[in-house]
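Subject: Structure for your review

Dear colleague,

Please find below the sequence and structure that I am handing over to you. My notes on what was found follow directly after.

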Amino acid sequence: MIRPAKLTDIPNILSLTKAYAADLCRKGIYQWNEKYPSREAFNVDLARGELWVLEQKGRLVGCMALSKVMDAEYRDVEWIGGTGDNRYVHRLAIHPEFQGQGYARQLMDYAEARARSEGAVSIRLDTFSQNNRNQRFYEQRGYTRLGSVYFPQQSSYPFYCYELLLSSPCESSPEP
């Protein structure tokens, strides 16, 4: 079940993302560290009503932020969806014990359906350039790789930006 996160979920979200980051490090993927993702980032997501959790049998197995706010790092990317109503996926994580069972797909299905129902033009996100599995995941879903951004507190390597058009920017405009 996917539901809005609550303040009481934050400790479990932090535990989940710490386990996910450790699992990535074991695989030689150093995209998350002790500075990111932070409690402060999740508190902002929660305050905006943008933090979602995925539960199975009462256990938190995944989380993500689905935001209407474009981060400053994204300003120079040449997005194909224009400057209209877009959504941004951040901090998507599945606990290592539950990976490979379709939970990331469920969260992304939810994000895309929610964004469509709200009339968004596209969904945008970034994924670490050294995380080939994530890149394949988004590309198989139809996302287009557009450019790179850098998060120096996380890594010296770039993060690739991806976008999925949910509708043509012209579809939401009435005919003359």
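A pocket, as the term is used here, is found on a 1 Å grid over the protein atoms alone: it is an open set of points where a 1.4 Å probe fits, with protein on both sides within 12 Å along at least five of seven lines, and its lining residues have an atom within 4 Å of a point. A volume is the space filled by probe spheres set on the points, which are joined across faces, edges and corners.

This is a predicted model, in which local features need pLDDT of at least 70 and side-chain atom pairs count only at pLDDT 80 or more, while totals for chains, interfaces and linings use all residues. Residues are numbered from 1 along each chain as its sequence is written, and side-chain values use heavy atoms, with hydrogens and water left out.

Confidence

The pLDDT (the predictor's confidence in each residue, from 0 to 100) averages 92 over the protein chain, and 95% of the residues score at least 70. Over residues 171-176 the pLDDT is below 50, and this stretch has zero contacts in the model beyond near neighbours in sequence; a contact means heavy atoms within 4.5 Å. Where pLDDT is low, the predicted coordinates should not be read in detail.

Pockets

The largest pocket has a volume of about 1,000 Å³. Its lining consists of 49 residues, and Gln31, Trp32, His90, Arg91 and Leu92 lie nearest the centre. Helices (H or I, at least four residues) and strands (E, at least two) are DSSP runs, numbered from the N terminus. Strand β4 provides the largest share of this lining, six residues. By type, the lining divides into 23 nonpolar residues (Ala, Val, Leu, Ile, Met, Phe, Trp, Tyr, Cys and Pro), 13 charged (Asp, Glu, Lys and Arg) and 13 polar (the others, Gly among them).

Arg91 is placed in strand β4. Its phi is near 55 degrees, a positive value in a residue other than glycine. With a relative accessible area of 12%, Arg91 is buried; buried means under 20%, exposed over 50% and partly exposed in between, with a 1.4 Å probe and protein chains only.

The second largest pocket has a volume of about 180 Å³. Among the residues that line this second pocket are Leu14, Lys18, Tyr36 and Pro37. The peptide bond from Tyr36 to Pro37 is cis, with omega near -5 degrees, and Pro37 sits in the loop between α1 and α2.

Helix α4

In helix α4 (residues 132-140), the buried residues are Asn134, Gln135 and Tyr138. Seen down the axis of α4, they fall within an arc of 100 degrees (taken from the directions from the helix axis to the C-beta atoms), so they line one face of the helix. Just after α4, Gly142 takes a positive phi of about 100 degrees.

Individual residues

His95 lies in the loop between β4 and α3 and counts as buried at 13% relative accessibility. Leaving aside neighbours within four places in sequence, His95 is in contact with Leu16, Ala19, Arg59 and Val61.

Tyr110, in helix α3, is partly exposed, with a relative accessible area of 23%. Not counting residues up to four places away in sequence, Tyr110 touches Ile2, Trp52 and Met64.

Lys57 belongs to the loop between β2 and β3 and is exposed, with a relative accessible area of 89%.

Yours sincerely
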